[in-house]
Amino acid sequence: MNAAAPILRVENLDVSFGETPVVLDVSFTVNPGECLALVGESGSGKSVTARSLIGLAGPGSAVRANALEVAGVDARGVSQRAWRSIRGKRVGFILQDALTSLDPLRKIGKEIDDALRLHGSGSGAARAARVVRLLESVGLDDPVRRAGQRSGELSGGMRQRALIASAIALDPALVIADEPTTALDATIAAQVMDLLGELRAAGSGMLLISHDLAAVAKVADSIAVMQGGRIVESGPAERILGDPQHPYTRALLAAVPAGKPRFAPLSPASSTASTPRPDPPQGSQAQAGCRPVLRARALSKSFTVPGGPDFAAVKDVGFELHAGRTLGVVGESGSGKTTTARMALGLLAPDAGTVELFGEPWSQVPEAARRTRRSALGAIYQDPLSSFDPRLSAGSLLADALSFGATRNPRKHLARIHELLALVGLAAELAGRNPATLSGGQRQRLAIARALAPNPRVLICDEPVSALDVSIQAQVLDLLDDLQRRLGLSYLFISHDLSVIRHMSDEVLVMQGGAVVESGATESVFTAPAHPYTRTLLAASPGLAPRR
Amino acid sequence: MSQPILAGGRSPRVAGAAARWALGKIGGGLFVLWAVATAIFFGIRMIPGDPAEAIMGGPGSQASAEALAQARADYGLDAPLYVQYFSQLWRLATGDLGTSYSLKTPVSEVLGELVPPTLVLAVLALLVAWALALVVAVLSTRSGALGSALASGLEIVSAAVPHFWLASVLIMLFATALGWLPPVSTNAPAGLVLPVATLALPLAGFLGQVMRDTLEAAHRSPFALSARARGESETGVLLRHSLRHAALPGIALSGWAFGSLLSGAVVVESIFARPGLGRSLLSAVTARDIPMVTGVALLSAAAYVVIMAFSDIAERLADPRMAGS
């Protein structure tokens, strides 16, 4: 592939914490100008692998390898002092979510300057000029001003660029990026990926880590799939994406919702349960005369900004949600999706416009008049753990929801609790567990069970899978599909991820800057987008097509 | 949200917000002083006994009925309570703290003499407490889970120790048994060691607990990992990142801590026979010296208000994220 010596060569890497092996017999090489993607779900050992390549596997870790050559240095048994001259200079390391990966108390210019200063690069003035050039090269506008700002003052995309600037300040020969786009909107993620692609084109070797095959498909030359600390399959990207051999690779590929038709199962576990939707359900387009279960007309909402003009979060938004169907709402952060959802739930009063539930006034009546009908409307959110009372067990949470807050004693509703847990695919024993001890997927299942407790007809799902690995996301999406078929639920489904929306929705609203820019039947909107913003979203949405 | 929260630089809006903030602080401070003056005025009259007797030298003085009546008339104690209250407020508002019953000198003069020694004690104790808390926090993050648990235990014990007990133990150990330090405090450095230690140790326990937690969290945070991946040493991570985060809760607590040091001074100054606000407050309350009690209380309240404002400003300087709030 390349005549030059590899920039990274790992042979038989083992990492363990105490008695627990985390990485087992991992081998790979990265050549200059090449990108290797390490893909696997949370806990597969990919992040620990990446960190052990710069000697930061963590306290209590034992790292062994037959070969560990990092940027031309045999990194086995290297002292901490020697590691410090490798990190930042020969290897740039980019972490996920720059909000927490840049010190919130320091200016980003200082953070980038640190990388230069620590490796003795030039005088203060020369470094300051270099910081500005770096910020410019990663595509930040007004770099002089940005250098004086802190991470909290920047948007997610700007922060991630600043973090990349700090990692590539000294033109490292190897760049390691651990989930560099996971926290970003699709269009921003696509721009960050392009930026990483430019670095590789300039000759840096790159190790890219992700849980999502679709996120790496466009940049990776080769892909190694990790499961349980081992590489189960590796090879050129075209072969892994086009002709996967290992069942786990196939499962990861199947989990990617892009290009999968509505109701096609995404995870192998749920494929047996999949039955075609009994068509047509109660409220399909065929019965267009039937009144919608949830209807919003011309909703608007503004928020006051201290010392500034009011911020119009939602402008003139209208929609109809029919029984047994899913209305997807797609748009980027700040497009007004969540504000719309909160008005639909009756948690936020619109400035103008109305919401009707089953044809009855909903948003314009007082809460006392809504309370008896609240059970018809359920909600699930992105972060289920923070929506649970941390002192309650799973069973108590469900008892609380089943009794409308009258009791938290699970024994009073035992049969129904077990029924709910079974409905969402959780074992009955989990009723006694604290949600904090559950996995991310189990927590979201529990949140769904709680939302289903009062037998709602409509579920409002606000980014329900955004915090989950692709493989877990697949299971939760399959569960939601299955529940919709079995219970005839209607979903108002909000996501920034276009592939998820496309897979889940019958109709779709595309939102930008608080307004609906396009709406209609999902497939017609996405196969023939009329609005330029929809086209931008579509172009940024990662698919599984490998790099040419 | 893609909007930057706050652009850099000082805009007129920020200056206006600062002025509003300062006015709010001054207004709040005046309210606190009024509330303290009122509480003291009525509170001290609930203590049994006759203030006129206090003026004449206490219950043991056997003053004649005529002398007591004369004292009442001289000090305006025969007027109705509300008249006394409002004339008292008026005098305080014009800066007249009155004359001490027991010392027969103006309260402001007495306070002028008492403030410096107490201030020296409190400021030294605060500095020593900060230093101890930081040293323990840094050492414990360097020594793993065992060191952390040990530090936590040490902090809880020292935070729980009462001043009077600690003072007695320190005197017995270092003054009586070892004879290294004087049991009676003077402004000489050796005489300050024991009173400062008595005040600083429990406070160091409190500060240490919050600062160590934050320090450990900052040390484990992704931005610390980023810094290490950039080639930063452990010392560099500590100095440039973690310590600043750890200082934030310490600064926030320091206003409260200074107040607690002033009340701690009452006990410590008495035990170490050290002149100062605390000891005078105790003797003034025992002697029912109303002007002295009022003066000391108002001064402490004013000091508290000023310190709180300072710690607020320090917090904003240390944490730029708070500047807009």
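**Figure 1. Domain 1 and domain 3 of chain A in the predicted model.** The centres of domain 1 of chain A and domain 3 of chain A, taken over C-alpha atoms, are separated by 38 Å. This is a predicted model, in which local features need pLDDT of at least 70 and side-chain atom pairs count only at pLDDT 80 or more, while totals for chains, interfaces and linings use all residues. Residues are numbered from 1 along each chain as its sequence is written, and chains are lettered from A and ligands numbered from 1 in the order in which they are written. Chain A is divided into domain 1 (1-90 + 175-187 + 203-255), domain 2 (97-171) and domain 3 (285-386 + 456-540), with bounds that come from an automatic or database domain assignment. Ten residues of domain 1 of chain A are in contact with 13 residues of domain 3 of chain A, two residues being in contact if their C-beta atoms, placed from the backbone, lie within 7 Å. On the side of domain 1 of chain A that touches domain 3 of chain A, helix H8 (186-201) and helix H11 (247-255) of chain A each supply at least two residues, and the largest share, three residues, comes from H11(A). Helices (H or I, at least four residues) and strands (E, at least two) are DSSP runs, numbered from the N terminus. The residues of this side of domain 1 of chain A divide into four nonpolar, three polar and three charged, where Ala, Val, Leu, Ile, Met, Phe, Trp, Tyr, Cys and Pro count as nonpolar, Asp, Glu, Lys and Arg as charged, and the others, Gly among them, as polar.

**Figure 2. Overall form of chain A.** The secondary structure of chain A comes to 20 helices and 21 strands, and the C-alpha trace of chain A spans about 70 × 55 × 45 Å along its principal axes. The radius of gyration of chain A is 25 Å, which agrees with the value near 24 Å that a compact globule of 548 residues would have; this radius is taken over C-alpha atoms, and the globule rule is 2.2 Å times the number of residues to the power 0.38.

**Figure 3. The contact between chain A and chain B.** Chain A gives 32 residues to the contact and chain B gives 25 residues. On the side of chain A that touches chain B, two or more residues come from each of helix H2 (80-86), helix H3 (98-101), helix H4 (108-118) and helix H7 (156-167) of chain A, and the largest share, three residues, is that of H4(A). By class, this side of chain A has eleven nonpolar, 13 polar and eight charged residues.

**Figure 4. Helices H5 and H8 of chain B.** Chain B has twelve helices and zero strands, and its C-alpha trace spans about 85 × 60 × 30 Å along its principal axes. The axes of helix H5 (residues 107-142) and helix H8 (residues 189-220) of chain B come within 6 Å and cross at roughly 40 degrees; axes are lines fitted to C-alpha atoms, for helices over the stretch in contact, and angles run from 0 to 180 degrees between N-to-C directions. H5(B) and H8(B) are therefore oblique to each other, since angles under 35 degrees count as roughly parallel, over 145 as roughly antiparallel, 65 to 115 as roughly perpendicular and the rest as oblique. The residues of the contact of H5(B) with H8(B) divide into 21 nonpolar, four polar and two charged.

**Figure 5. Helices H7 and H8 of chain B.** The axes of helix H7 (residues 163-177) of chain B and H8(B) come within 9 Å and cross at roughly 135 degrees, which makes H7(B) oblique to H8(B). His163(B), Leu166(B), Ala167(B), Leu170(B), Ile171(B) and Phe174(B) in H7(B) meet residues of H8(B) that include Leu194(B), Ala197(B) and Pro202(B). The contact of H7(B) with H8(B) has ten nonpolar, two polar and no charged residues.
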